[in-house]
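User: I would like to learn how to read strands, sheets, helix contacts and cavities in a structure like this one. Please take them one at a time.

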Amino acid sequence: GDYLVTIEEKSKATFLRAYMNWRCMSAGSSRVCVRMVGHKMEEEPYSETLKEHMSIVEMPLSDPPLCVSCCPVKGDLLVGCKNKLVMFCLKYLVINQNLTVLDFERTLILHIDNLIPAHIAITTELDVLILELVQQSADRTEHCAHRVNTVEKPVDGGCSTYTLQPELDEFIICQKPVELLGEESKLCEIPITLESTELPTEDTKHFQVQYLLFRRFTPDQSPFGFCEETKLHSVQLLPVYQTAHEETENKRELLSLFCFFSLPHVGYLYSVGKLVELISTYQYSEKSEQAVLTPQFLHVITSENLQCFTVRCSAAAARDEDPYIDTTVKACPPVALDICTLRMQLFIGPRAICHFKNHIILLTKADTEDITERRKPARRMLYRKADSIKSRTNSESEPGWNLYIINTVSTIQLYREMVEYSRTYENAKTESCIHLLSEAHLLVRAAIMDPCFLESDEKDDLLRAFRESCAALGDCYSRFDTKDYHLALPYYRMSGLSVTEVLKRLVSEGDEMQTYERGFIFYLTHVLNEDLKEELSKESANKVLQIFCLADPVQLPHILCSPCMRNVCPLTAVKYLQKVEETMPSVVLTLTKAFMALKMGDLMMYEHEMDSYKETILACGFSGQPKLLRQRKEGVVMPTEFAVHLKEMQPGLLVAATVALHENSKIELEEADTFFKMLCSNSENTVPQLLMDFWEALLVVCSQEEILHELLLRVTSQYVSRISKQQLPETKPLKTTEDLVSS
């Protein structure tokens, strides 16, 4: 909503007011209209004045308002009083086709004894309670009300918080620290009573309170007593939305919710969405006065500084949004990544801070008193009730107040600064370089998840920076000896870099003694074992052979069968394979050498390699590397040159090898049908004899009932078709009638 809400004092009375259409004042109009909340505005003369006047909406309350908070999702208003919270829902009233005005409707009162689908966070001096108002159907209202008013007993049998009373003024009664998450937070023993103030209609909303988090702290202790300044401040709920796309440009769906609150020397950031958990803890170098949380930063003011910390909201939200994160497909820096202090600026007497878009609004007060005296902690020797109120001085008569509007550095500029700074650690190959690049990545990711991202002038720059950060992280995990080396693969995937481009980034020209870390080998092994469209040049393919011969020679036969390696020099490949064969011979390696011999046209070498093992062993060997026979192109199974040669020279071995592939779940029945039809250049509706041979051979060894029934149906229908049409097979069957009967 486009409104301003204030708590104002006049003649010792406190008022809650909302200022609507306030831009009229900035445009030069001095007309003001005052009305009560919910006032009927259909009268024509009155409605016409709303166009040109600023409206002040009076919002009467039975108790003086102490604080206000606006929902960043719906614009609803929450007003805190002494022992209750009042919720006002924002309404859009259509007066006519040219005029729509804002108004509020008081819909709910939460009565809280001794002391937030809508989330509400409540703090006292040392307690934090986070609630969710869950909308329920009308027939469950009575049941919900019963549950809300029920207070469970403490698990450990301890005394209730609200029955403990100090018997002597000399003693201070403090509860022990408590942290209750999720369902356990109901044990906090703070009863909540809901009072609906809406007129009952068919559309009346019924709510149930769901406890999400309760945490209690204890005062800081010293030899002289308890510190007066130990109290919570800056409680804040921060929503993060689904990443905006073109088709959902005008929709904002809540993805994750975070809650921040702070003590003087430490702040806490919790996720309170799908899972309630502590994400980060912030240790301040000196006593904090106030803090404000944004999706990218935490801004904290102390007695002399404005400090800026990184946050992990985007890391947690990214995992809520995308299930493929933390797999070999996508990655994101961990939520548990240590936080960083980005900037620290000196100010005299910061008092209050707030945030709007890329601006920080800072209110300061230059005191004339001695700073050391002002910073002395007060001592509390007596029990002090939470509802005591101190008188406030009139700020109008005090000099030294200043208001600063600080423009935050743009995401792109800060990203570039962090990347540039990370290069100081690049040669040292330390975790500090990865940490800085991870911070830069999260910074850009948070900006992309912003609902206004599609309308941002930096949209293209942010997307480019995101890909660059992924590539930089991929480089780090490839070059550094780190336990998380496997992250090189997903980061390079997200960067959009081709295999050739990655090789140029990591492989030095002419350096045959270069060593390669596990991350780079892990990336190459996985990406070359996939069915990619990219084909490496002859030089790049030969370089890959050299890399694997040094780093992981066992993978050489599998790498050579990759579609990316189609342009490799077969003679060079055979030389490398012979080196590996001397120490680690295998059937797959022998078949790969035969494949390379076919590419060179050396039939003598091919026959020599194929004669090294019996046909049954060779047939099983193809299961170790199915790409020797078939590869995929745009999802379609394609036969290789090796399969074409076997079809002409050793069709029995080809059929036996395909049966072995099927039995080892390396090829599906439908894929085998397509494979043989393409191999024999038959149309979709024609069944080649080699496919019939495969079906007949599979019937003998297959043990799956469903496949057996399918095979019998296919073979029988083909026999019937041939007999009815008096059609002979185009090639000689591998098995005679007698062979089939005996099998």
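User: Which residue in E6 stands opposite Cys70?

Analyst: Cys70 stands opposite Leu77 in E6. A word on the source: this is a predicted model, in which local features need pLDDT of at least 70 and side-chain atom pairs count only at pLDDT 80 or more, while totals for chains, interfaces and linings use all residues. Residues are numbered from 1 along each chain as its sequence is written, and side-chain values use heavy atoms, with hydrogens and water left out.

User: Over how many bridges do E5 and E6 pair?

Analyst: Strands of a sheet pair through backbone hydrogen bonds, either parallel or antiparallel. Two strands count as paired if DSSP finds at least two bridges between them. Strands (E, at least two residues) and helices (H or I, at least four) are DSSP runs, numbered from the N terminus. Strand E5 (residues 67–70) and strand E6 (residues 77–80) pair in the antiparallel sense over 4 bridges. Their hairpin has 6 residues between the strands, and Gly75 takes a positive phi near 85° there.

User: What joins E6 to E7?

Analyst: A hairpin does, through 3 residues. E6 and strand E7 (residues 84–96) pair over 4 bridges in the antiparallel sense, with Leu78 opposite Met87 in E7.

User: What is the strand order in the open sheet with antiparallel pairing?

Analyst: The order of its 4 strands is E20-E21-E22-E23. Strand E20 (288–293) and strand E23 (341–346) are at the edges with a single partner strand each, so one side of each has no neighbour in the sheet. The twist averages 15° from one strand to the next; such angles run from 0 to 180 degrees between N-to-C directions, with axes fitted to C-alpha atoms, for helices over the stretch in contact. E20 and strand E21 (residues 297–302) form a hairpin with 3 residues between them, and they pair over 5 bridges in the antiparallel sense. In E21, Leu298 is the bridge partner of Leu293 and Ile301 is that of Gln290.

User: Now the helices. At what angle do the axes of H16 and H18 cross?

Analyst: The axes of helix H16 (residues 603–610) and helix H18 (residues 641–649) cross at roughly 80° and come within 14 Å. That makes H16 roughly perpendicular to H18. The classes are roughly parallel under 35 degrees, roughly antiparallel over 145, roughly perpendicular from 65 to 115, and oblique for the rest.

User: Which residues of H16 and H18 meet?

Analyst: Leu603, Tyr606 and Met610 in H16 meet Phe642, His645 and Leu646 in H18, where contact means heavy atoms within 4.5 Å. The contact residues divide into 5 nonpolar, 1 polar and no charged (nonpolar: Ala, Val, Leu, Ile, Met, Phe, Trp, Tyr, Cys and Pro; charged: Asp, Glu, Lys and Arg; polar: the others, Gly among them).

User: Last, what is the volume of the largest cavity?

Analyst: About 60 Å³. A cavity is a set of points, on a 1 Å grid over the protein atoms alone, where a 1.4 Å probe fits but cannot get out, and lining residues have an atom within 4 Å of a point. Grid points are joined across faces, edges and corners, and the volume is the space filled by probe spheres set on them. The lining includes Pro295, Phe297, Arg312, Met418 and Glu439. By class it has 6 nonpolar, 3 polar and 2 charged residues. Helix H7 (residues 431–448) gives the largest share, 3 residues.

Terms used
1 Å grid on protein atoms, 1.4 Å probe; cavity = no way out; pocket = protein on both sides within 12 Å on 5 of 7 lines; lining within 4 Å.
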